[in-house]
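Colleague: Before I use this model, could you walk me through the terms behind it?
Modeller: Gladly, ask away.

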Amino acid sequence: MRRSTILTIAGISAASILLLAACEAPRVNLFRYSEPGTPLALGDEVKLDFFTNEMSFNTGVLLEAGAGYAFNIAILSAWIDRDVDTNETGEKLDERGFDNSLMPYDWVGYLRRSRDHNWFELMLHQPSCARASLIGVSDLEFDEESGSYGFVATCDGNLALFVNDSVGFYGNNVGYANISLTRLH
Ligand SMILES: [Ca+2]
């Protein structure tokens with residue numbers, strides 16, 4: 001390939017990357033791994049990139065005790081737990097996860113971090129009051145009209161997310177979602 005052709009291709013690639021970056025929706029940048037996080041003002045919205053292989057994703061958002069929040073989730077690449085990519089009714093895996101009946105043995109269910117929730121169910125908690133704040137999306141109110149889940153913060157502290165899985169088995173998780181979190185009141 002001639003040098004000028006290579007340079008042209010490189011130029012087009014660089015331009016495409018710049019164009020893609022310019023088209024990206026604006027996002028609020030948060031210091032995800034520092035404490036404490038950034039609080040949300042009334043009506044504020046943040047967009048979060050969530051990967052199912054993260055054992056405890058610190059959103060960097062500081063929730064305030066008693067305040068109400070809502071979030072929408074858009075699954076942008078298929079969620080798969082090792083080889084499970086559909087739930088017990090044959091639907092593609094989503095934030096509601098899948099029933100333990102899909103596991104080869106019943107006792108395997110005892111190995112998930114929350115036995116009260118589905119495998120791969122999206123879980124929310126605040127590490128500063130971890131036990132009291134732990135909830136799964138199946139515990140939340142779902143507003144059909146807006147397609148959003150609502151919850152009230154248990155304490156002052158950052159919001160962390162994870163899918164319900166066994167500790168040490170996050171490496172075989174696949175999937176990504178975009179989560180928009182808003183403060184309601
Ligand atoms: Ca897994």
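What follows is a short exchange about the sheet and the core.

Modeller: This is a predicted model, in which local features need pLDDT of at least 70, side-chain atom pairs count only at pLDDT 80 or more, and totals for chains, interfaces and linings use all residues. Residues are numbered from 1 along each chain as its sequence is written.

Colleague: What makes β2 and β7 the edge strands?
Modeller: Two strands pair if DSSP finds at least two bridges between them. The five-strand open sheet has the order β2-β10-β4-β8-β7 with antiparallel pairing, and β2 and β7 (141-143) each pair on one side only. Further in, β4 and β8 pair over four bridges, so they meet the cut-off of at least two. Phe71 stands opposite Tyr149 in β8.

Colleague: Why is the largest group of 28 residues called a nonpolar core?
Modeller: Because such a core is a set of buried Ala, Val, Leu, Ile, Met, Phe, Trp, Tyr and Cys residues joined through C-beta atoms within 7 Å. Buried means 20 or more other C-beta atoms within 10 Å of the residue's own, placed from the backbone. Leu161 and Ile179 touch the most other members, and β9 (157-163) is among the strands that each supply at least two residues. The largest share, five residues, comes from β9.

Colleague: What does Ile179 touch?
Modeller: Leaving out residues up to four places away in sequence, Ile179 touches Leu48, Phe50, Phe71 and Ile73. Contact here means C-beta atoms, placed from the backbone, within 7 Å.

Note on methods: A residue is buried if 20 or more other C-beta atoms lie within 10 Å of its own, exposed if 12 or fewer, and partly exposed in between; C-beta atoms are placed from the backbone. Two residues are in contact if their C-beta atoms, placed from the backbone, lie within 7 Å.
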